[in-house]
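Welcome, and please load the model in your viewer.

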Amino acid sequence: MQWLCQLLERKEIWTIIGVILGFGLGELSRIIREWKRRRKLKRALFDEIETNNHLINQKKDNLRQIIEALDKKQVLRGESVHAATTIYDSYFPKIIDCLAPILRDNIHIIYGHLKVNDSFMDQYYSSITMDIQRGVLANPWASYKKQFTDICNSYILIQNLINDIIAQKPQDVFNRHNKK
């Protein structure tokens, strides 16, 4: 016990204790800031997902109009506002490890479908007009109607996944819990 008293009387030990304490507090401060930042990004991602949920209703209405036009052998342009993907594209890799695997799977599926659907919609008008002019398809109207029906079903799936995420009950889309 006497050695401890002698040790505490020396200035060097207090310097070392100060350095260790300062380093520890600095590191703790960094960890807390990073945790808050990741929590903020996670909230922003969920806000972006909810925004896309509302946007999908407009996209489905646009699809309905395009399908009705195809039934009349008319072509409407398919371009529309793209799904919001800024947070997903820029920050998903930074917060991926703080999300449960099933939630990550859902988010991956949601954004994958959104991007594929937007890409198809962007190319649709030039694609169908070219197919009609070249006579590539026997019935381009039915073919494209089928594709738009598939996209509409994709949007229904996406909205179901989003609603389950909002309810904090994400689906096991890759059957992780059914593996033997």
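Predicted model: local features only at pLDDT ≥ 70, side-chain atom pairs only at ≥ 80, totals over all residues.

Residues are numbered from 1 along each chain as its sequence is written, and side-chain values use heavy atoms, with hydrogens and water left out.

**Stop 1: helix 5**

Select residues 140-166, which form helix 5 (helices are DSSP runs of H or I with at least four residues, numbered from the N terminus). Its 27 residues reach 39 Å from the first C-alpha to the last, close to the 39 Å expected at 1.5 Å a residue (the expected span is 1.5 Å times one less than the number of residues).

Now colour its buried residues, among them Trp141, Tyr144, Phe148, Ile151, Ser154, Tyr155 and Ile158 (buried means under 20% relative accessible area, exposed over 50%, partly exposed in between, with a 1.4 Å probe and protein chains only). Which helices do the buried residues of helix 5 pack against? Show helix 2 (11-71) and helix 4 (101-134) to see them.

**Stop 2: helix 4 against helix 5**

Keep helix 4 and helix 5 on screen: their axes come within 10 Å and cross at roughly 160° (axes are lines fitted to C-alpha atoms over the stretch in contact, and angles run from 0 to 180 degrees between N-to-C directions). The two helices are therefore roughly antiparallel, a label for angles over 145 degrees.

Next, pick asparagine 117 in helix 4. It counts as buried because its relative accessibility is 5%. Asparagine 117 touches Ile151, Ser154, Tyr155 and Ile158, leaving aside residues up to four places away in sequence (contact means heavy atoms within 4.5 Å). Zoom in on serine 154, whose side chain makes a polar contact of 3.1 Å with the side chain of asparagine 117 (a pair of N or O atoms within 3.5 Å, one able to donate a hydrogen and the other to accept it; residues adjacent in sequence count only if both atoms are side-chain atoms).

**Stop 3: positive phi angles**

Most residues other than glycine have a negative phi. Select lysine 73, where phi is near 60°, in the loop between helix 2 and helix 3 (86-95). Is lysine 73 buried or exposed? It is exposed, with a relative accessible area of 53%.

Glutamine 168, following helix 5, also has a positive phi, near 60°. Finish at asparagine 175 in the segment after helix 5, with a positive phi of about 50°. Asparagine 175 counts as partly exposed at 42% relative accessibility.

Methods:
Parallel < 35°, antiparallel > 145°, perpendicular 65-115°, else oblique.
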